[in-house]
Structure formats: structure tokens, C-alpha cells
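Here is a short report on a metal site, a helix pair and a single side chain. Please look at the model first.

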Amino acid sequence: MPSTTDKLTTTLSNDEVLRYSRHLLLPEVGMEGQLKLKQARVLCVGAGGLGSPLALYLAAAGVGTLGIVDFDIVDLTNLQRQVLHGTNDVGRKKLDSAAETLAAINPNVNVVKFETRLTSANALEIFRDFDIIADGTDNFATRYLVNDACVLTGKPNVYGSIFRFEGQASVFALQDGPCYRCLYPEPPPPGVVPSCAEGGVLGILPGLVGVIQATETIKLILGSGDSLSGRLLMIDALSMRFREVKVRRNADCPVCGNRPTVTQLIDYEQFCGVRGEEKPTAATMQDMTPEELKQRLDAGDDLFVLDVREPHEYQICNLGGHLIPLKDLPGRVSELDPAREIVVHCKMGGRSAKAVDFLKQAGFTKVHNLAGGINAWSERVDPKVPKY
Ligand SMILES: [Zn+2]
């Protein structure tokens with residue numbers, strides 16, 4: 001994809017003049033700025049919660065080339081926040097749904113689709129043809145990968161992240177500015193920070209943060225205003241307070257410091273301790289399948305069902321089990337009878353596996369983990385139990 005500066009990108013058609021009229025009226029944008037937008041090449045990593053507002057506004061604003069990296073399929077739980085996609089898109093590739101939505105908003109935008117997971121093997125190659133990288137990822141491994149690839153290729157990293165009611169935004173890897181690793185040299189230990197699939201997220205929050213990322217991207221293209229480089233913006237949607245902290249470039253930063261130790265992309269899954277979303281667990285000795293549990297309950301076996309989810313999850317659906325949230329288990333273990341056979345479950349099998357480990361260490365011998373959690377029960381035994 002050679003960057004052409006032919007007549008197409010150095011002028012605006014009459015239709016484009018009309019479309020971008022409210023930009024052209026701003027002296028800070030004007031014809032010159034609008035042409036910069038038209039010539040700009042921005043890569044959105046992810047077409048999910050943050051990627052949705054990002055791509056929508058960048059396309060509407062007239063960013064000429066918009067790359068999108070995504071390999072995911074639209075599912076029903078996405079629609080509460082991923083406004084690029086609609087109900088009819090459930091089951092489709094996010095990339096196809098996104099490209100269609102963006103073309104409907106602004107057919108002048110060239111959407112370049114990368115149907116792949118961003119990895120150490122392809123990131124530098126994919127980044128090469130873009131001026132700015134907007135990070136809409138939802139996991140630490142990809143976030144560190146995006147950061148390092150931006151530093152190594154010298155491209156600005158427009159960062160955003162969200163969790164529950166809180167968001168962050170900044171611009172990293174700008175000349176002389178700090179990078180993500182200057183702020184967070186190491187990822188948190190695996191499992192300490194839950195994903196949105198585990199902890200939930202307020203649907204409008206990615207809208208708020210993604211629009212800030214889009215604003216920073218547009219400003220970088222126009223070369224106007226003060227960017228968030230050197231500042232971390234922290235947003236609390238519940239109190240509706242915006243705070244910012246200064247972030248300085250760290251001379252000892254392993255990737256952008258004076259003596260970098262990271263000079264090429266590494267294995268980020270390993271660096272972050274692979275985890276990501278709460279995954280259905282693989283069957284092990286102490287696992288019980290949903291079918292097996294159903295069979296044994298129907299047979300009248302004496303099984304004690306322990307639910308280690310949170311009370312608000314119990315309200316969504318339950319198997320009538322005894323509720324002790326995982327974090328309360330150590331203090332409430334006396335509620336359990338070690339003589340009885342116990343089946344522990346959560347949503348997808350991750351937390352219950354931890355509970356089983358804990359109980360075994362506490363001397364319980366007859367404990368099983370319900371493989372795949374209540375979601376697997378819903379899929380394979382009783383579809384009347386809602387999945388969430
Ligand atoms: Zn750094």
C-alpha cells in the first residue's frame with residue numbers, strides 16, 4: 001500500500017467539501033487539516049468496545065485509511081457497548097460488520113481489514129503502513145505488544161483501557177514522551193485484574209474512553225492542541241471525575257529507555273502469564289461434567305452444590321447451590337461438611353477450580369469442580385438457565 005499523494009488525496013470533491021463543511025469552517029482544521037485527515041492512515045487494534053467509537057468517529061471525520069485488526073465474531077454480550085455492530089450482526093465477523101457500518105457512514109474511507117490476532121510475528125508488518133496506532137485491546141499481552149511495537153517502529157500509541165466504571169487514556173511513544181512501560185514496567189500478576197467478561201463493564205464507558213482516543217488521534221493528525229502524551233487521564237464514570245497524573249519517560253524503561261533491554265518483540269503471553277478471559281477449564285480428575293452432575297442428582301445421590309460466584313450473579317441464575325463467594329471461602333469454610341461430597345461451580349469453571357484447590361489444601365477430599373460452570377450447564381443440560 002504505497003501512500004499516494006495524487007489528485008485524489010490532495011483535493012476534496014464538492015461532495016467532500018459539503019460533508020466536511022463544519023470542519024472546514026474551523027480555522028484550526030480548514031482545508032489543510034481536512035486533507036491531512038484524508039491522507040492519514042490510522043490502525044485500530046480491535047473492533048470491540050473501544051474500537052467501536054474510535055472507528056466510527058475517525059471514519060466520520062474523514063480519516064482516509066482506517067486499518068482494523070480483529071479476529072472475533074459478534075456475540076450477543078457485545079451489543080451492550082460495541083456500537084459498531086447491530087443485532088443482525090450476531091454470528092458475523094466483527095471485521096465485516098465494522099466495514100459495513102463504516103462504509104455506510106462514510107464511503108470515502110478506505111477500510112483495510114486484518115483478520116488475525118495481533119502477534120509478535122505480524123505486528124511490525126501490520127504497523128508498517130500506518131501513521132498512528134489506536135489501542136482498543138482488552139488484555140495485557142496485546143497491550144504490551146502494541147506498546148513495544150509502537151516504540152520499535154516510532155509510531156504514536158493512542159491508549160485507552162476500561163474496567164467496570166473506570167477508564168484510562170493517554171498517548172504513548174510520541175517523540176520524547178513516555179511509553180506504556182514507563183508507566184507500568186511489568187504486567188500485574190495473572191488473575192489479579194479480572195477481565196470485563198468476569199468483572200463487567202458499564203456499556204457507555206468504552207464510548208467515553210474511545211471518543212477521547214479518537215479526539216487524541218485527530219489532534220495528532222492535525223498537529224494541533226496539547227496531546228495526552230506525558231499525562232494519564234483517569235476517568236471515574238460513577239463520580240464523573242476526570243483526574244490526570246504526570247507520566248515521565250523513564251530513562252531505565254526496558255523498551256524506550258536509554259539502555260533498552262527489549263529490542264525486538266517478545267512472547268507477550270508468557271510475559272503476562274497467559275490467562276485473559278475466564279476460560280472453561282480442561283477436564284481433570286476432580287472435574288465433573290454437567291451431564292454427570294445431572295445424572296447423579298437425578299439418581300438422588302447426596303451431593304452438596306457449592307456456588308462460589310457473587311450474589312448478583314446468583315440473582316441472574318443459579319442451581320440452588322449454597323452460595324459462598326470465592327473471596328469469602330477461607331472465612332466461611334466451617335459452613336461446609338468435609339464428610340459430604342461437594343460439587344463446586346462458578347460461571348465458567350475458573351473460580352471454582354481455585355475453590356477446589358483451596359478446599360483440597362484445607363483437607364477436603366471429596367470435592368469436584370463443575371467443568372465449564374453454570375454456562376456449560378445451561379448449554380448442555382438445561383437451556384432454561386440463562387447464560388450470561
Ligand atoms: Zn518507556
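A donor, here, is an N, O or S atom within 2.8 Å of the metal, the limit being 3.2 Å for Na, K and Ca. The model is predicted.

**Zinc site**

By that rule, the zinc ion has the protein donors Cys-179 (SG), Cys-182 (SG), Cys-253 (SG) and Cys-256 (SG), lying 2.3 Å from it. Along the chain, their spacing reads C-x2-C-x70-C-x2-C. What is the geometry of the site? It is tetrahedral, with angles of 92 to 123 degrees among the four donor atoms. The ideal angle for four tetrahedral donors is 109.5 degrees.

| Residue | Relative accessible area | Class |
|---|---|---|
| Cys-179 | 1% | buried |
| Cys-182 | 11% | buried |
| Lys-36 | 34% | partly exposed |

**Helix pair**

Helix H5 spans residues 51-61 and helix H6 spans residues 94-105. Their axes come within 9 Å and cross at roughly 30 degrees. H5 is therefore roughly parallel to H6, since angles under 35 degrees count as such. The crossing of H5 and H6 is right-handed. H5 contributes Ala-55, Leu-56, Ala-59 and Ala-60 to the contact, and H6 contributes Thr-101, Leu-102 and Ile-105.

**Lys-36**

Lys-36 sits in helix H4, residues 30-39. Which residues does Lys-36 contact, leaving aside its neighbours within four places in sequence? They are Ile-221 and Leu-222. Gly-62 is 26 residues from Lys-36 along the chain, and their C-alpha atoms are separated by 9.4 Å.

Terms used
Residues are numbered from 1 along each chain as its sequence is written. This is a predicted model: local features need pLDDT of at least 70, side-chain atom pairs count only at pLDDT 80 or more; totals for chains, interfaces and linings use all residues. Side-chain values use heavy atoms; hydrogens and water are left out. Four donors count as tetrahedral if all angles lie between 85 and 135 degrees; four count as square planar and six as octahedral if opposite donors are over 155 degrees apart and all others between 65 and 115; anything else is irregular. Buried means under 20% relative accessible area, exposed over 50%, partly exposed in between (1.4 Å probe, protein chains only). Axes are lines fitted to C-alpha atoms, for helices over the stretch in contact, and angles run from 0 to 180 degrees between N-to-C directions. Helices (H or I, at least four residues) and strands (E, at least two) are DSSP runs, numbered from the N terminus. Angles under 35 degrees count as roughly parallel, over 145 as roughly antiparallel, 65 to 115 as roughly perpendicular and the rest as oblique. A crossing is left-handed if the near helix is turned anticlockwise from the far one by less than a right angle, and right-handed if clockwise. Contact means heavy atoms within 4.5 Å.
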